[in-house]
Amino acid sequence: MVSLGPLRIAFLGCGFVTRVHSRHLKSLRSEIACSYASRTRAKADAFCRDFGGVGAYADYSAAIEDPNVDAVVIAVPPRYHLTLTLAALAARKHVLVEKPAYLRMEDYETAVAARDRVGRVVLVGENDHYKPLAVQLRDLVAADTLGEMVFAHFTTIAHKLKAAGDWRNDEEMAGGDAFFEEGIHWLHLANSLGPRIVEAHGYRPPLASGGPDTRAKSMLVAFTYDNGAVGSLYYSREIPSLFRGLRLSKLFGRRRVITFESNGLFVLARGDGHVRLRFPGFRDIRGYRAMYRDFVRSVREGRQPEMNLETAIDDQRLMDQIYANLRIPDPPRRRSGQAGSRIPADL
């Protein structure tokens, strides 16, 4: 049974993502009490101390089996998400699982069946769904601000390479390349504004030569919405950008154009001779607090959250389409006569 006080959450995994979540949860201590589990007890103890936790565990099973834990946050590489989800649900815990939640569509179906069998809440940790930018864009589209939608263009480009030993370089751990592991957040944003994406195709440039970050790090996605509009998503983690990621995206309609900073700094709507500048909000700009509040309310009210498994399945369907239709051009070849080219011998 869930306690009447703060929701008692145990983090499974003490890495970068857990650190990010924990920083945002500092302001929600009256609603959530955190504990930490790691394969190394000293690491769990350190996280518990650094973030004011209420307990630490030397392994994930101990946290899952603890009757004083109401829910778990699965914050380990995607390869292990399904196994830990099923273990937590079998122990009748509620689950928040980081995104991408699972590697294959059949994994989602397995998780749905397990969730429904025990009647627990599963939230997929898509914080971008909850961030003020996404909420405001959905409101503007619903209010017919654009008029008939024509184009949608999303840009998320930055130079953020991973070290050689990062688990994201291992596709068995991450489930795929950089777009699969992190670009899913932006695919969800494009698919969550009201109109739904019905068809998507991926175009990926050849891999960069050399460097410690060996993943494919760039993807262009072209897609069609159910309202007839067409769109594109430019994703890269290997291209320099202003302030390491400041980029503009746009929604084009026959009445107005909405321009927004991709990370959520501002939204500008222009058309009919008017320009309207809005600032969605900075206090929870990445949406983590709103996401956890939805998780707590869902557990208390016995309902599934906004970012539920069914919503994540819709995103996974698109991801499957993108990779099924993926096109990768051949790397460029040097032309004869260029510097460094060899002159053919006489016949």
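Reader: Why is Ser249 called buried in this predicted model?

Author: Ser249 has a relative accessible area of 1%. Buried means under 20% relative accessible area, so Ser249 is classed as buried. Ser249 is placed in strand β11, which covers residues 248–253.

Reader: What makes the link between the side chains of Ser249 and Ser262 a polar contact?

Author: The two side chains are joined at 2.7 Å. A polar contact requires a pair of N or O atoms within 3.5 Å, one able to donate a hydrogen and the other to accept it; the value of 2.7 Å for Ser249 and Ser262 therefore falls within that limit.

Reader: Which residues is Ser249 in contact with, leaving aside its neighbours within four places in sequence?

Author: The residues in contact with Ser249 are His153, Phe154, Thr155, Ile258, Thr259, Phe260 and Ser262.

Reader: Why are β3 and β6 said to stand at the edges of the sheet?

Author: The sheet is open, and its 6 strands follow the order β3-β2-β1-β4-β5-β6 with parallel pairing. β3 (56–57) and β6 (122–125) each have a single partner strand, so one side of each has no neighbour in the sheet.

Reader: Why does Asp144 count as partly exposed?

Author: The relative accessibility of Asp144 is 37%. Buried requires under 20% and exposed over 50%, so Asp144 belongs to the class in between. Asp144 is found in the loop between α6 (132–142) and β7 (149–157), and has a positive phi of about 60° although it is not a glycine.

Reader: What makes the peptide bond from Lys99 to Pro100 cis?

Author: Its omega is near 0°. Pro100 lies in the loop between β5 and α5 (105–118).

Reader: How many cavities of 30 Å³ or more does a search of the whole structure find?

Author: The search finds 1 such cavity. The largest cavity holds about 40 Å³ of space, and its lining includes Pro205, Arg215 and Glu238.

Conventions. Residues are numbered from 1 along each chain as its sequence is written. This is a predicted model: local features need pLDDT of at least 70, side-chain atom pairs count only at pLDDT 80 or more; totals for chains, interfaces and linings use all residues. Side-chain values use heavy atoms; hydrogens and water are left out. Helices (H or I, at least four residues) and strands (E, at least two) are DSSP runs, numbered from the N terminus. Buried means under 20% relative accessible area, exposed over 50%, partly exposed in between (1.4 Å probe, protein chains only). Contact means heavy atoms within 4.5 Å. Two strands pair if DSSP finds at least two bridges between them. On a 1 Å grid over the protein atoms alone, a cavity is a set of points where a 1.4 Å probe fits but cannot get out, and a pocket is an open set with protein on both sides within 12 Å along at least five of seven lines; lining residues have an atom within 4 Å of a point. Grid points are joined across faces, edges and corners, and a volume is the space filled by probe spheres set on the points.
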